[in-house]
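Thanks for coming, everyone. Please bring up the sequence and the model on your screens, and I will walk you through them.

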Amino acid sequence: MRDTNKKKVFVIVIALIVILGVAYKAVLAPMIKSKQIDEKIQQAEEYIAQNEFEKSIDVLEQVQNLDIKDEQLLLKIIDISMSIDSESAYQFLERYVDVVGEDNLSSHIKNLLNSAKQSPKEAELNISEGKYASPMEIKINSNKINIGNIYYYTINGEIPDNSCTKYVGNIYITKTTTLKLIGYNQAGKCTDVQTFKYSIDESIFDELNDNIESSKKLISETKVGNAIGNISKEYKNKLQYVLKNAQKLINNKIIKYNEANDINEELIDAIKAFKDNIIRPVDKDELKNYINKAEDLYNNSSEGKQIGQYKSGSKQKLKNSINDAKKVYNNDSVTQKEVDNQVSKLENAINIFRQSKIKQQSSVEQKILGKYVVFANDDSGLGIYKFTRSQIIAGYMASEGFNATILSRRESGNTIYYSTSQGDIYVKVISSDTIDFNGEIYTLLNAYQLISIVYDRWPDMANYEYLSYFGVSQSDINYFYSHH
C-alpha cells in the first residue's frame with residue numbers, strides 16, 4: 001500500500017513538471033524573449049544617442065537573431081538602422097529573406113527589396129547650409145532615401161566617390177566646411193555630387209555667453225526699489241525677459257549665426273538700459289553751470305536789427321529753456337539720466353541763441369549775396385547758382401535743385417571760403433561783376449540780367465513759376481517786362 005502511494009506521488013510530480021514545461025514554452029518563453037528584445041532595442045537606441053553607431057548595429061544583430069522570422073521585428077530593426085546606415089538596414093533585410101525564402105515574403109517586404117534596385121536618391125540633410133554659431137551634427141534624413149543606398153562624402157573640397165569616407169550616423173562639422181556627398185544603390189548606380197557649404201563662427205556664441213553671465217550677475221546683485229543702487233521692476237523684467245530668450249537659444253543643438261547675433265544685440269541693449277537706470281547719486285553741478293551761463297547770456301543781450309543784437313523772439317526761446325532746466329534742477333527725485341539730458345538740451349539752446357546774433361557781413365560776401373551765376377546754357381539746359389546768406393542755391397530750369405547749406409565761412413583778402421553740406425568751396429571776387437567760383441570764371445548777374453538770359457532762350461519760362469525757386473520775385477519779373 002505504501003509503495004503504491006509513492007508511485008502515485010511520483011507520477012503526479014512528473015505530470016506537473018511536464019505541465020510546467022509546456023506552460024513555459026507556451027506562455028513564459030515568449031514573454032521572456034519579448035522582454036529581451038525590448039531591452040536590446042532600447043540599448044541600441046541609447047548607443048545611437050551616444051553616437052556609438054557600430055555598437056548599436058551589433059546589438060540589433062543580436063535582436064534579429066532572437067527571432068529572425070518575425071517580420072514586424074525586422075521592420076523595427078530596419079527603421080532604427082536606417083538612421084545609422086542604409087546599407088546595414090539592407091543587410092538585415094537580406095538575412096530575413098535568406099531564412100524565410102523569397103516565395104514566403106509579404107508584399108511590403110517585396111516592395112522594400114525592389115526599392116533597393118531603384119536609382120539612388122539625392123540626400124536631404126537635417127541642417128540646411130548657411131552660417132552657424134556652433135559645431136553641429138549633419139544627418140541624412142533616412143525617410144527620404146531608399147534602403148540599401150550608401151553615401152560617401154568629403155570635407156576637403158575633393159569630389160567624392162565610393163572610395164571616400166562612408167556616411168555612418170552623422171557628419172560632425174566643427175569649422176567652416178564645404179561638404180560634398182554622393183550616393184550609390186546596391187547595383188552601383190550613383191547620384192550627382194551634392195555640395196553644401198557651412199560657415200562656423202563661434203565668436204558670437206562666446207560673446208553671447210559672456211553677456212548672459214553679466215545679465216545674471218546684474219539681476220542677482222540689484223534689488224528692485226527706490227533707494228540708491230536699486231532698479232525699477234520694469235527694467236529688471238525687461239532684462240530677465242531677454243536673458244530667458246538668450247538662454248533658450250544657446251540650449252539649442254543648432255544655433256544660426258544671425259539668431260545668435262540678434263539676441264546678443266538685444267541683450268547688450270537690455271544690459272545698457274538696466275545699468276543706465278540703476279538709481280545713483282545725482283550730480284547737478286554741470287546743469288547749474290549751464291543755467292548760470294544761459295541766464296548771463298539772457299540778461300546781457302537785447303533783441304533788434306542792429307549788429308550785435310539778437311533776432312526777435314530768440315530771448316523768449318532761451319528763457320523757456322532756462323525754465324525747463326530749473327524745473328529739473330529743483331526736482332529732488334530726478335535721475336542722473338534726466339539731468340544729463342537737460343544739460344544737453346540747454347547747451348543746444350545756448351548755441352542756437354548765439355547763432356541768432358546779428359553779425360557784420362564780410363565785404364566779400366556783400367558783393368555776391370543775392371547775385372546769380374549761369375554755369376550752363378547748352379543742350380543740358382540752363383544751370384543757375386544763387387548766393388544767399390545761408391545757402392548756395394543751385395539747379396537747372398524746370399528741374400529739381402541741389403542746394404548746399406552753408407555751415408561756416410572764412411574770409412581772406414578778396415576770397416571767401418565756405419564749408420557746406422556739399423563740401424568745401426570758395427568764391428574769389430575778381431571785379432565788381434566777375435568771380436572765380438571753385439576754379440571757374442563766371443559773370444555775376446542781377447535778377448534783371450538773369451531774366452533776360454532765360455527770356456532769350458525760353459520766353460515762356462521767363463516767369464515766376466519757373467524762376468521762384470532761385471529767389472526771383474514777381475516784382476523782379478514785372479520790372480523786366482516793363483523795361484524789355
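First, a definition: helices are DSSP runs of H or I with at least four residues, strands are runs of E with at least two, and both are numbered from the N terminus. Next, the ground rules. This is a predicted model, where local features need pLDDT of at least 70, side-chain atom pairs count only at pLDDT 80 or more, and totals for chains, interfaces and linings use all residues. Residues are numbered from 1 along each chain as its sequence is written, and side-chain values use heavy atoms, with hydrogens and water left out.

Let me begin with one residue. Where does asparagine 141 sit? It is in the loop between strand 2 (136-138) and strand 3 (150-154). For exposure, buried means under 20% relative accessible area, exposed means over 50%, and partly exposed lies in between, using a 1.4 Å probe and protein chains only. Asparagine 141 has 25% relative accessibility, so it counts as partly exposed. What does asparagine 141 touch, leaving out residues up to four places away in sequence? The answer is Glu124, Leu125 and Asn126. Contact here means heavy atoms within 4.5 Å. Glutamine 36 is another matter: 105 residues separate it from asparagine 141 along the chain, and their C-alpha atoms are 29 Å apart.

Now the whole protein. It has 15 helices and 15 strands. The C-alpha trace spans about 155 × 70 × 35 Å along its principal axes. The radius of gyration is 45 Å, while a compact globule of 484 residues would have one near 23 Å. That radius is taken over C-alpha atoms, and the globule rule is 2.2 Å times the number of residues to the power 0.38. Of the 484 residues, 37% count as buried. Among contacts with a separation of 6 or more, 57% come from residues 24 or more positions apart.

On to the sheets. Two strands pair if DSSP finds at least two bridges between them. Strands of a sheet pair through backbone hydrogen bonds, either parallel or antiparallel.

Strand 9 pairs antiparallel with strand 8 (residues 372-378) over 6 bridges. Those two form a hairpin with 2 residues between them. There, alanine 376 has glycine 383 as its bridge partner. Strand 9 also pairs antiparallel with strand 10 (residues 391-396), over 5 bridges. That hairpin has 3 residues between its strands. Phenylalanine 387 is bridged to isoleucine 392 in strand 10.

Strand 11 and strand 12 (residues 415-420) run antiparallel, joined by 6 bridges. Serine 412 stands opposite threonine 415. Threonine 415 also stands opposite lysine 428 in strand 13. Strand 12 and strand 13 (residues 423-431) run antiparallel with 6 bridges, and they form a hairpin with 2 residues between them.

The search runs on a 1 Å grid over the protein atoms alone: a cavity is a set of points where a 1.4 Å probe fits but cannot get out, a pocket is an open set with protein on both sides within 12 Å along at least five of seven lines, and lining residues have an atom within 4 Å of a point. Grid points are joined across faces, edges and corners, and a volume is the space filled by probe spheres set on the points.

The largest pocket has a volume of about 430 Å³. It is lined by 12 residues, and Gln355, Lys357, Lys359, Arg389 and Arg409 lie nearest its centre. Strand 11 (residues 404-412) gives the most to this lining, with 4 residues.

There is 1 cavity of 30 Å³ or more. The largest cavity has a volume of about 80 Å³. Its lining includes Met82, Ile140 and Tyr167. Over to you for comments.
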